[in-house]
Structures are given as structure tokens and as C-alpha cells.
Amino acid sequence: MKKKRKKFKGSPKRYHPNGITILYEDYDIIVIEKIHGLLTVPNDKERDNTVEYLLGTYVRKGNPKSRKRVFIVHRLDKDTSGILILTKSEQSRKYLQDNWKKATKIYFTVINGQLRKKEGILSSYLAQNSIHRVYSVGEDSEDSKLSKTEYKVLKESDHYSLIEVNLLTGRKNQIRVHFAETGHPVVGDKMYGRKEKGIKRLCLHAAKLSIHHPVTKERMTFETNIPEYFTSLIS
């Protein structure tokens, strides 16, 4: 007979970090929505204002002697908002990473202009150069990976298009590179796109994630709304 797990009780709201909304938490995983402008993991310039640091502090509930910690399963760029999943053990992280291809990852983005084809799959081999800039190469090579971005136009205005993206592969900067190479870069993308006056952020949001729970193996889906800023650009 399967032993029923004790109901998980989350930490009081006072421990919830700024810039992070906890969508779901149990003994094994934490699913959050992060704001744009927040790093997932520390870099040379920023150590404390990161998802990893803030949630590590959160699970320790202010107890510096606690050995509790969080483990990063995947990352979002600093300027991308949306859903991230972290685990509370190395074993759970390994399970999710080993099964990451089975996860469903849906994004919303706003791109410049209007696409001729309103739905389809953008596919190319992506490589990275010495300054960490990602680009498409003509053919399969040792340094490149096949990348597929399925998209559907949800709404258009004179200047912008709101797009739903199903990330069929998860390469670095994949969505941004693929749309830039169509001539319709993601709005607010300073690296692959164009500098635009009055644009407040990179318009890329990880909106939906479906995974198998690392312990119960139950299929779970987490969803967030289209950011209001995206819809305000289209209307």
C-alpha cells in the first residue's frame, strides 16, 4: 500500500523574496514566476539578487545553520520573465534534467512587424561564438545543435505581433535568434534586435511548463498570464 505523504506547509509570506512569486511548493520542488531583470544564478557582478540566492535563503527560513538548499534545473535570461522550477535535492534535479525533453515549455513574445506565415516551425542549427553570441549555421557541425521553435500568431497591430511559442528544443537564446533571423526580432532585444525608444523590457515570458514530478511522477502543469505590458503594445 502506498504511503500517503504528509501535506506540505509552505513558509509564511514574510519569508517570500521580492521579485519572485511562488506558484507551487512541496517537499521536492519549488515552482516560481520571476520578474524580468532578475538573474537566475549569480555572476561576477551580482551574487545576492538572484533566484538561486533568494530561494536558498527562503528555504532556510532565516536559519543560518540550516543545511537546506535549492538546485537549479534550468535557467531564464535575466531579462526574460516567467516560470522557473527548482528542486530541493540533487536527485530530483537529476530526474528533471534527464527528462527535460519530455517537458512542455510555452512562451509568449512580442516581435517587431508582422510575419507572413501566421504559424509554423523555425528550424536551424545554432552555434555560439567566442563572445557568447548565438547564431544559425548552414549545416550540422560539431559546434552546432539543431533547434526548433514552433510558433503561432495570436494578435497583430500595425507595428507588433503577439506570438505563442512552443519551445521544441531549449538552446540558449533560441527564440530571440530565430525571430531576429526572420527580420522580426523580439521587442526590446538589444543583442539580436534593434534599439527602440520607449520600450521598457525584453518582451519574452516563459508562460507555461508541464513536467512529471520527480518523486510522485504525476504530470503537472503550471501556467501564468500574458504580461500586461505585452498586450498594451498590441492594443
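Asp77 pairs up with Arg176 in a salt bridge, with the closest N and O atoms 2.9 Å apart (a salt bridge being a side-chain nitrogen of Lys or Arg within 4 Å of a carboxyl oxygen of Asp or Glu). Asp77 sits in the loop between β3 (71–72) and β4, and Arg176 in helix α3, so this pair ties together parts that are 99 residues apart in sequence. Helices (H or I, at least four residues) and strands (E, at least two) are DSSP runs, numbered from the N terminus. This is a predicted model, where local features need pLDDT of at least 70, side-chain atom pairs count only at pLDDT 80 or more, and totals for chains, interfaces and linings use all residues. Residues are numbered from 1 along each chain as its sequence is written, and side-chain values use heavy atoms, with hydrogens and water left out.

Arg176 is buried, at 11% relative accessible area, while Asp77 is partly exposed at 30% (buried means under 20%, exposed over 50%, partly exposed in between; 1.4 Å probe, protein chains only). The whole structure holds seven salt bridges. Another one links Lys94 to Asp98, with the closest N and O atoms 2.7 Å apart. Both residues lie in helix α2, four residues apart, or about one turn of the helix, and both are exposed. Through shared partners, salt bridges also join Asp77, Arg176 and Asp189 into one network.

Then there is Lys88, whose salt bridge with Glu25 has its closest N and O atoms 2.8 Å apart. Lys88 lies in the loop between β4 (81–87) and α2 (90–98) and Glu25 in strand β1, so the pair ties together parts 63 residues apart in sequence. Lys88 is partly exposed at 22% relative accessible area, whereas Glu25 is buried at 15%. The side chain of Glu25 also makes a polar contact of 2.5 Å with that of Tyr58 (a pair of N or O atoms within 3.5 Å; within protein, one must be able to donate a hydrogen and the other to accept it, and residues adjacent in sequence count only if both atoms are side-chain atoms).

As for the lining of the largest pocket, its residues split into 18 nonpolar, nine polar and 11 charged (Ala, Val, Leu, Ile, Met, Phe, Trp, Tyr, Cys and Pro count as nonpolar, Asp, Glu, Lys and Arg as charged, and the others, Gly among them, as polar).
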